[in-house]
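I opened my notebook to look through a structure one piece at a time. Come along and follow the entries with me.

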Amino acid sequence: MKKSIKNHGFFVGNFLGISDDWNDEKHSSMKFFTVDEINKYFQDFKIFYIAEKKYIKDSSKEKNKHWHIIEIYAQKNID
């Protein structure tokens, strides 16, 4: 993913955290991350914003799903 971003280009996105309800055997093909793992992955980027959010909200198929989201806005910082 990082290779597809041009120098000084931006990544804006989110990742599922390890406390998300979907981090179980049923969803074993999905990837879940800690904030430290995301910071390490984007170590060669300038991070403008990173936030960890946990909340309860319905998904398209589930009531009262526990969400654990890590949001990040970062710029590729390679000259």
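Here are my entries, from the whole chain down to single residues.

**Entry 1: the whole chain.** I started by noting that this is a predicted model. I then looked up the secondary structure and found one helix and three strands in the chain. Reading along the sequence, I wrote down the pattern β-α-β-β. The C-alpha trace spans about 45 × 20 × 20 Å along its principal axes.

**Entry 2: surface and contacts.** I looked up the accessible surface next, and it comes to about 5800 Å². Carbon and sulfur atoms hold 50% of that surface. Of the 79 residues, 33% count as buried. Among contacts with a separation of 6 or more, 61% are between residues 24 or more positions apart.

**Entry 3: aromatic rings.** How many aromatic pairs are there? I got a count of nine. One of them is Phe-11 with Phe-42, a tilted pair with 5.1 Å centre to centre and 35 degrees between the planes. This pair links distant parts of the chain, 31 residues apart: Phe-11 is in strand β1 (residues 10–16), and Phe-42 is in the loop between α1 (35–41) and β2. Both Phe-11 and Phe-42 are buried. I also found that they belong to one aromatic cluster, together with Phe-15, Phe-33, Tyr-41 and Phe-45.

**Entry 4: His-68.** I went to strand β3 (residues 65–76), where His-68 lies. Is His-68 buried or exposed? It counts as buried, because its relative accessibility is 2% and the cut-off for buried is under 20%. Its side chain reaches the backbone nitrogen of Ile-18 at 3.3 Å. Leaving out residues up to four places away in sequence, I listed what His-68 touches: Phe-15, Leu-16, Gly-17, Ile-18, Ser-19, Asp-20, Glu-52, Lys-53 and Lys-54.

**Entry 5: Phe-48 and its patch.** Phe-48 has a relative accessible area of 46%, so I wrote it down as partly exposed. Together with Phe-10, Val-12 and Tyr-73, Phe-48 makes a nonpolar surface patch of about 430 Å².

Note on methods:
Residues are numbered from 1 along each chain as its sequence is written. This is a predicted model: local features need pLDDT of at least 70, side-chain atom pairs count only at pLDDT 80 or more; totals for chains, interfaces and linings use all residues. Side-chain values use heavy atoms; hydrogens and water are left out. Patches are made of residues with over 30% relative accessible area and no salt bridge: like charges are joined within 9 Å, nonpolar side chains (Val, Leu, Ile, Met, Phe, Trp, Tyr) within 5 Å. Accessible areas come from the Shrake-Rupley method with a 1.4 Å probe; for residues, only the protein chains shown count as cover. A salt bridge is a side-chain nitrogen of Lys or Arg within 4 Å of a carboxyl oxygen of Asp or Glu. Buried means under 20% relative accessible area, exposed over 50%, partly exposed in between (1.4 Å probe, protein chains only). Helices (H or I, at least four residues) and strands (E, at least two) are DSSP runs, numbered from the N terminus. A polar contact is a pair of N or O atoms within 3.5 Å; within protein, one must be able to donate a hydrogen and the other to accept it, and residues adjacent in sequence count only if both atoms are side-chain atoms. Contact means heavy atoms within 4.5 Å. Rings of Phe, Tyr and Trp (its six-membered ring) pair if their centres lie within 6.5 Å; planes under 30 degrees apart count as stacked, over 60 as edge-to-face and the rest as tilted.
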